[in-house]
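Look at the model below and follow its pockets and strands step by step.

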Amino acid sequence: ALGPSGVIESQTAIQAKGVHYRVSGLLASDDDGRAFDGGCFATFYLCPRDYHRIHAPVAGKVVRSVHIPGGLLPVFPESTALHEDLFVRNERLITYLQSKQFGTVAVVKVGATVVGKITVTYDPDMVSNVKDGQRTEREYSEPLQVAKGGEIGTFHMGSTVVLLFQKDRIQLNSLPERRPIFLGWPIGRKA
């Protein structure tokens, strides 16, 4: 289901009504956070009954990935409204795509209770929720080309995906919260 979406203002995005988080915290990098300031974000909550594969929102190349160990708090909408910085505190595996049309796009996969394991199709060694997990960052000298809609990862249950787009790259469609969304539905268009 669709969660909050909108413009990233002063490196801040909306987690739930009245609850915000810093994009630099989500990405665990001040430089990466600044790169998305003024851009757009869109949040997608996957409940246990939903499809758990993650697909590229745009055509591009996988240039970098980052695994950030963290907690596994529940991410259903009522929980995100109660726990400040929930997305920043939970386990994350981030895929950075470089797109000719859309610049850098971050696909942030947020782990949750019982959903600590996240895998990606482009690197079998990038796996979340590993014992004694350490922050892992990889840049790919031979980036993997992915088509729009191409599979890039899997939650081993359900969880949350936050998409981050740079400023002046995309205009999000009107996205009503808690509405189911299906693979292939347009969420925006080139700005």
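This is a predicted model. Begin with the second largest pocket, whose lining has nine nonpolar, five polar and three charged residues. About 200 Å³ of space lies in this second largest pocket. It is lined by 17 residues, and Gly3, Pro4, Pro77, Thr80 and Glu177 are the closest to its centre. Four elements, β1 (2–7), β2 (12–16), β4 and α3 (77–82), each give at least two residues to the lining of the second largest pocket.

Now turn to the largest pocket, which holds about 1,000 Å³ of space. Its lining consists of 38 residues, and those nearest its centre are Phe44, Ile181, Phe182, Leu183 and Gly184. Two or more lining residues of the largest pocket come from each of β4 (40–45), β5 (53–55), β12 (160–165) and β14 (188–190). Sorted by class, this lining has 25 nonpolar, six polar and seven charged residues.

The next topic is the sheet. Strands of a sheet pair through backbone hydrogen bonds, in either a parallel or an antiparallel way. Here seven strands make an open sheet with antiparallel pairing, in the order β1-β4-β12-β8-β7-β6-β10. At the edges are β1 and β10 (136–146), each of which pairs on one side only. On average, neighbouring strands of this sheet are turned by 15° against each other, with direction ignored.

One pair can be followed in more detail. Strand β6 (residues 60–68) pairs with strand β7 (residues 92–99) in the antiparallel sense, over seven bridges. Which residue in β7 stands opposite valine 62? It is leucine 97.

Definitions and conventions:
Residues are numbered from 1 along each chain as its sequence is written. This is a predicted model: local features need pLDDT of at least 70, side-chain atom pairs count only at pLDDT 80 or more; totals for chains, interfaces and linings use all residues. Side-chain values use heavy atoms; hydrogens and water are left out. On a 1 Å grid over the protein atoms alone, a cavity is a set of points where a 1.4 Å probe fits but cannot get out, and a pocket is an open set with protein on both sides within 12 Å along at least five of seven lines; lining residues have an atom within 4 Å of a point. Grid points are joined across faces, edges and corners, and a volume is the space filled by probe spheres set on the points. Ala, Val, Leu, Ile, Met, Phe, Trp, Tyr, Cys and Pro count as nonpolar, Asp, Glu, Lys and Arg as charged, and the others, Gly among them, as polar. Two strands pair if DSSP finds at least two bridges between them. Axes are lines fitted to C-alpha atoms, for helices over the stretch in contact, and angles run from 0 to 180 degrees between N-to-C directions.
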